[in-house]
Amino acid sequence: MKTLNLEINYTEYSSLDEMSAEDQELVRAAVEAQKTSYAPYSKFNVGAAVRLDDGTIVKGSNQENSAYPSGLCAERTAMFSANATYPGRAMVGIAIAGGFEGGIDNAPCSPCGACRQVMAEYQTLGKRNMAVIMVGASKIWKFEKVEDILPFIFGSFNEKK
């Protein structure tokens with residue numbers, strides 16, 4: 001038997017001004033995407049923005065439905081739209097911002113497990129890391145790759161049999 005440790009590295013920013021211009025642009029796009037959120041039930045508006053390898057930014061927002069769970073998270077809305085509109089383009093970053101009634105919560109907005117797995121698959125398809133930026137009003141976290149937020153990614157997609 002072995003006991004192993006898992007270490008996750010990320011950068012914490014206290015303000016948007018500390019980030020690169022490219023990351024600031026992606027965060028602003030995620031915040032802007034919140035405005036298109038349809039969240040009459042939870043009142044929690046989420047916006048996401050995906051940067052493709054050519055610099056294109058695709059936005060998405062959460063879309064709720066009274067026939068729960070027929071809605072969709074902002075992250076998957078953005079990623080699915082990006083892949084449908086720009087097939088074959090690698091996704092190199094995603095920013096997520098969320099809060100009640102259109103605001104930004106103090107804590108960074110963390111994606112659900114399903115969204116993390118979709119990020120993992122698109123990172124694999126793109127054959128390069130996808131940075132993940134979680135936006136909060138008091139701090140912003142940046143992870144350099146999806147494995148940093150989803151260790152032990154479901155891997156059967158890549159297995160050769």
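Visitor: In which segment does Tyr 10 lie?
Guide: This is a predicted model. Strand S1 covers residues 11-13. Tyr 10 lies in the segment before strand S1.

Visitor: Is Tyr 10 buried, partly exposed or exposed?
Guide: Its relative accessible area is 42%. Buried means under 20% and exposed over 50%. With a value in between, Tyr 10 is partly exposed.

Visitor: Which residues make the nonpolar surface patch with Tyr 10?
Guide: The patch has an area of about 470 Å². Besides Tyr 10, it is made by Leu 6, Ile 8 and Phe 152.

Visitor: Where is Lys 142, and is it buried or exposed?
Guide: Lys 142 has its place in strand S6, residues 140-143. Its relative accessible area is 13%. Buried means under 20%, so Lys 142 is buried.

Visitor: What separates the C-alpha atoms of Lys 142 and Val 132?
Guide: Among the contacts of Lys 142, leaving aside neighbours within four places in sequence, are Tyr 10 and Val 132. Along the chain, Val 132 and Lys 142 are 10 residues apart. Their C-alpha atoms are separated by 5.7 Å.

Visitor: Why is S2 largely enclosed by the rest of the structure?
Guide: S2 has nine residues. It is largely enclosed because the number of them that are buried is eight.

Visitor: Which residue in S4 is the bridge partner of Leu 52?
Guide: S2 and S4 run antiparallel and are joined by nine bridges. In S4, the bridge partner of Leu 52 is Met 91.

Visitor: Which residue takes a positive phi in the hairpin of S2 and S3?
Guide: S2 pairs with S3, residues 57-61, in the antiparallel sense over five bridges. Gly 47 stands opposite Ser 61 in S3. Four residues lie between the strands of the hairpin. The residue with a positive phi, near 95 degrees, is Gly 55.

Notes: Residues numbered from 1 in each chain as written. Predicted model: local features only at pLDDT ≥ 70, side-chain atom pairs only at ≥ 80, totals over all residues. Heavy atoms only, no water. Patch = residues over 30% accessible without salt bridge, like charges linked within 9 Å, V, L, I, M, F, W, Y side chains within 5 Å. Areas by Shrake-Rupley, 256 points an atom, 1.4 Å probe, with all protein chains shown as cover. Salt bridge = Lys/Arg side-chain N within 4 Å of Asp/Glu carboxyl O. Helix = DSSP H or I, 4+ residues; strand = E, 2+ residues; numbered from the N terminus. Buried < 20%, exposed > 50% of the residue type's maximum accessible area, 1.4 Å probe, protein only. Pairing = 2+ DSSP bridges. Contact = heavy atoms within 4.5 Å.
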